[in-house]
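Have the model open while you read.

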Amino acid sequence: MTKIDIRSADLAQITALVEQLGEKKFRAAQIFEWIHKNGAENFEEMTNLSAELREKLAHNARFSAVEIIQTQISKDSTKKFLFKLESCGIMDTEGDSAIVEAVLMSYKHGLSLCISTQVGCRMGCDFCASGIHGLSRNLTAGEIVAQVYKISRLEGERISNLVLMGVGEPLDNYDNVISAIRLLNHEKGVNLGQRHITLSTSGLVPQMYALMKENLQINLAVSLHAPNNQIRRKLMPVARSYNIDQLLDACKAYTKNGRRITFEYIMIDGVNDSIGNALELTKRLKGINCLINLILANKVPEKGYDKSKDRALAAFKETLEKANFHVSVRRELGQDIDAACGQLRNTAILD
Ligand code: SAH
Ligand code: SF4
């Protein structure tokens, strides 16, 4: 008999388990709280349950192993955590365990955590380190939420903002990511507000429409990175499946009930950062309620791209602002420990 992955289970599934074990229904809420509010990592910790029930639970359910194996602290105090998950099985060609990373940033308004949703990524964007070895496997909902609970426990502080922008394409692991968001948002759990969660996607159009139907109030960030199909296809293979008009139609639909969308735009020297590119972008995005977040390309040794020159960045930003767009430039945090965007990997280089 395979045991239930208890950290991935929702309250209804835990209730079904508890009833199957001949226990009262209210025990399910207690178990849920232990896992999703207190970050319990085994049944032994659940001291308000009888020893007999804890034993029955351990027979029928399990906690997947999620271990922090390395922590690095940057000069700017950004922290990068390396997580070891259960092995990828036959798909793990490296013969290694599954490794993912999470990055913690400390701001005036609290802790902001960036977590991973897949071991590797199969989207193959040309500038990104996460996809170099392809996809090994999806994270379960339990593995996604465990990153939040572990780090929050370790820091002794609540995570106030969560971004799904670490390793992986969240919408390529749709069901588990949606389950994880619902677990994190649950009133009996850490109760993280949906408006404090941002999901970043490379632009999987059908899943974006599916996401709209979930009626979640999460923020959506879309990695646009180019003003036209030609440049976008060069940088991102996903742009060959969905053209820029299809992507922007989905974005417009997302903003229908007052939600604002963020476009991420990586600034690469001589590739997508001319004033002409900026003007084309203003025409493309005209009328969309959005914020444009410019990200200077971070160095990935295997890739030949350089970040834009300061002058090009300033001129690009000014062109967008003149057309009345809201523009921000992402601070380059954690670069010295390879914790910046696109520098996260699924194969850790351990000392
Ligand atoms: N897969 C999702 C989320 C993870 S990537 C996505 O692509 O949106 C998070 C962000 O980092 C994306 O906007 C991505 O395009 C960006 N990124 C990837 N490689 C980068 C690099 N070398 N420099 C700067 N940003 C990068
Ligand atoms: Fe995957 Fe995002 Fe990296 Fe593209 S940028 S390879 S979608 S993680």
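Sorted by class, the shell around ligand 2 comes out as 4 nonpolar, 4 polar and 1 charged residues. The names to look for are Cys121, Met123, Gly124, Cys125, Cys128, Ser130, Gly168, Glu169 and Ser202. Keep in mind as you click around that this is a predicted model.

Now for the rings. Searching the whole structure turns up 2 aromatic pairs. Take tyrosine 265 and phenylalanine 316: their ring centres are 5.0 Å apart and the planes meet at 40°, so this pair counts as tilted. The two partners come from distant parts of the chain, with tyrosine 265 in strand S12 (residues 261–267) and phenylalanine 316 in helix H10 (residues 310–322), 51 residues apart.

Setting aside neighbours within four places in sequence, asparagine 277 is in contact with both Tyr265 and Phe316, along with Pro227, Ile231, Val271 and Asn272.

There is also a charge-on-ring arrangement to look up: arginine 259 has its charged end over the ring of tyrosine 254, 4.2 Å from the ring centre.

| Salt bridge | N to O distance |
|---|---|
| Arginine 330 and glutamate 264 | 3.1 Å |
| Lysine 299 and aspartate 306 | 3.0 Å |
| Glutamate 318 and lysine 322 | 3.4 Å |

Start with the arginine 330 and glutamate 264 bridge. Arginine 330 sits in the segment after strand S14 (326–329) while glutamate 264 is in strand S12, so the bridge ties together parts that are 66 residues apart in sequence. Glutamate 264 is buried, with a relative accessible area of 3%. Strand S12 therefore carries glutamate 264 as well as tyrosine 265 from the ring pair.

Glutamate 318 is partly exposed, with a relative accessible area of 44%, whereas lysine 322 is exposed at 66%. Helix H10 is also where you find phenylalanine 316.

Salt bridges can link up into networks as well: Glu41, Glu45, Lys150 and Arg153 are joined in one.

One last stop is lysine 25. Look for lysine 25 in the loop between helix H1 (11–20) and helix H2 (26–36). At 54% relative accessibility, lysine 25 counts as exposed, because the cut-off is over 50%. Apart from neighbours within four places in sequence, the contacts of lysine 25 are Thr15, Val18 and Glu19. How far from lysine 25 is aspartate 126? From C-alpha to C-alpha, the two are 51 Å apart in space, and 101 residues apart in sequence.

Terms used
Residues are numbered from 1 along each chain as its sequence is written. Chains are lettered from A and ligands numbered from 1 in the order in which they are written. This is a predicted model: local features need pLDDT of at least 70, side-chain atom pairs count only at pLDDT 80 or more; totals for chains, interfaces and linings use all residues. Side-chain values use heavy atoms; hydrogens and water are left out. A residue is near a molecule or strand if one of its heavy atoms lies within 4 Å of it. Ala, Val, Leu, Ile, Met, Phe, Trp, Tyr, Cys and Pro count as nonpolar, Asp, Glu, Lys and Arg as charged, and the others, Gly among them, as polar. Rings of Phe, Tyr and Trp (its six-membered ring) pair if their centres lie within 6.5 Å; planes under 30 degrees apart count as stacked, over 60 as edge-to-face and the rest as tilted. Helices (H or I, at least four residues) and strands (E, at least two) are DSSP runs, numbered from the N terminus. A charge sits over a ring if NZ of Lys or CZ of Arg is within 6 Å of the ring centre and within 35 degrees of the ring normal. A salt bridge is a side-chain nitrogen of Lys or Arg within 4 Å of a carboxyl oxygen of Asp or Glu. Buried means under 20% relative accessible area, exposed over 50%, partly exposed in between (1.4 Å probe, protein chains only). Contact means heavy atoms within 4.5 Å.
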